[in-house]
Amino acid sequence: MRPATPLICQFIDEHKDTYGVAPICRALVVRGVQIAPRTYWAHRLAAPSKRALWDTTITEILAGYYEPDADGKRPPECLYGSLKMWAHLQRQGIPVARRTVERIMRHNGWRGVTRARRPPRTTEADPSAARAPDLVGRQWRVAAPNLLEVADFTYVPMTRGFGYTAFVVDAYAGLIPGWECSLVKDTGFVERALRHAVTFRTRQGHPFDNAIHHSDYAEVCVKPRVCGDGLRSWGVLADFSA
């Protein structure tokens with residue numbers, strides 16, 4: 001689909017000092033974008049559209065809020081995001097559309113202050129940690145249940161801080177036989193989820209017999225590492241491959 005003429009002319013404006021208008025038009029035609037030099041010059045000489053004039057007006061108004069003045073100061077409204085700024089302009093009697101404010105702020109890189117909490121990191125590689133053997137080889141398809149158990153955990157935003165939930169997933173059926181919640185991410189947290197899975201499957205009459213427990217090596221420092229020797233009593237082999 002052919003781009004709009006203003007976009008094509010803007011592209012020509014950015015490169016005409018280097019290549020010239022006519023050569024750029026010929027190159028665009030070869031690329032399937034039809035435009036003649038006279039079309040470009042007619043667009044340049046035409047009066048600006050109502051939208052362009054309105055955008056210029058709103059941009060100048062917003063710049064008065066988001067750009068520092070001669071003393072390097074900005075009004076308190078500079079903390080507003082697009083929604084609050086749109087509501088503020090409405091109260092000032094400026095009938096601007098909300099999407100117009102969003103578009104102009106995004107184009108100029110203006111944004112308000114947010115109180116969003118920074119999510120915790122759950123992946124930090126530890127180059128000094130000993131690597132466990134790769135027992136999976138990235139082959140996630142297995143022939144039956146209880147052959148491959150994949151463990152992972154994620155953070156859960158709470159009123160204050162974050163909580164963590166660990167899941168043990170059977171790779172064959174997508175069943176979650178074990179899970180655990182915690183306010184800290186430590187080894188015992190993941191061990192309890194795995195122990196829950198072992199107990200649950202044993203009560204069902206399907207104990208783990210040399211099943212493989214997989215966790216990513218890249219997360220070995222933060223996502224707790226459970227030693228293989230500690231799992232053998234549960235009939236589980238440890239795998240922390242990348």
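Trainee: Is Asp55 buried or exposed?

Mentor: Asp55 counts as buried, because its relative accessibility is 15%. Buried means under 20% relative accessible area, exposed means over 50%, and partly exposed is in between, with a 1.4 Å probe and protein chains only. Keep in mind that this is a predicted model: local features need pLDDT of at least 70, side-chain atom pairs count only at pLDDT 80 or more, and totals for chains, interfaces and linings use all residues. Residues are numbered from 1 along each chain as its sequence is written, and side-chain values use heavy atoms, with hydrogens and water left out.

Trainee: Where is the place of Asp55?

Mentor: Asp55 is in helix α4, residues 50–66. Helices (H or I, at least four residues) and strands (E, at least two) are DSSP runs, numbered from the N terminus.

Trainee: What does Asp55 touch, not counting residues up to four places away in sequence?

Mentor: With those left out, Asp55 touches Thr100, Arg103 and Ile104. Contact means heavy atoms within 4.5 Å.

Trainee: Which side chain makes a polar contact with the side chain of Asp55?

Mentor: That of Arg103, at 2.9 Å. A polar contact is a pair of N or O atoms within 3.5 Å; within protein, one must be able to donate a hydrogen and the other to accept it, and residues adjacent in sequence count only if both atoms are side-chain atoms. Arg51, Asp55 and Arg103 are also linked in a network of salt bridges. A salt bridge is a side-chain nitrogen of Lys or Arg within 4 Å of a carboxyl oxygen of Asp or Glu.

Trainee: How many salt bridges does the structure hold?

Mentor: Six. One of the pairs is Arg44 and Asp13, whose side chains meet at 3.1 Å, N to O. That pair links distant parts of the chain: Arg44 is in helix α3 (residues 37–45), Asp13 is in helix α1 (residues 5–19), and they are 31 residues apart. Arg44 is partly exposed, with a relative accessible area of 41%, and Asp13 is partly exposed at 30%.

Trainee: And what about Lys16 and Asp17?

Mentor: Their side chains meet in a salt bridge at 3.6 Å, N to O. Lys16 is partly exposed, with a relative accessible area of 25%, whereas Asp17 is exposed at 70%.

Trainee: Which side chains meet in a salt bridge at 3.2 Å?

Mentor: Those of Arg192 and Glu180. This pair links distant parts of the chain as well, with Arg192 in helix α7 and Glu180 in strand β3 (residues 178–182), 12 residues apart. Arg192 counts as partly exposed, because its relative accessibility is 35%.

Trainee: Now the surface. Which residues form a nonpolar patch there?

Mentor: Val156, Met158, Leu183 and Val184, with about 350 Å² of accessible area together. Patches are made of residues with over 30% relative accessible area and no salt bridge: like charges are joined within 9 Å, and nonpolar side chains (Val, Leu, Ile, Met, Phe, Trp, Tyr) within 5 Å. Accessible areas come from the Shrake-Rupley method with a 1.4 Å probe, and for residues only the protein chains shown count as cover. Met158 lies in the loop between β1 (148–157) and β2 (162–170), and at 38% relative accessibility it counts as partly exposed.

Trainee: And the protein overall, what does its secondary structure come to?

Mentor: Eight helices and five strands. Along the sequence the pattern is α-α-α-α-α-α-β-β-β-α-β-α-β. Of the 242 residues, 31% count as buried. The accessible surface comes to about 15,700 Å², of which 55% belongs to carbon and sulfur atoms.
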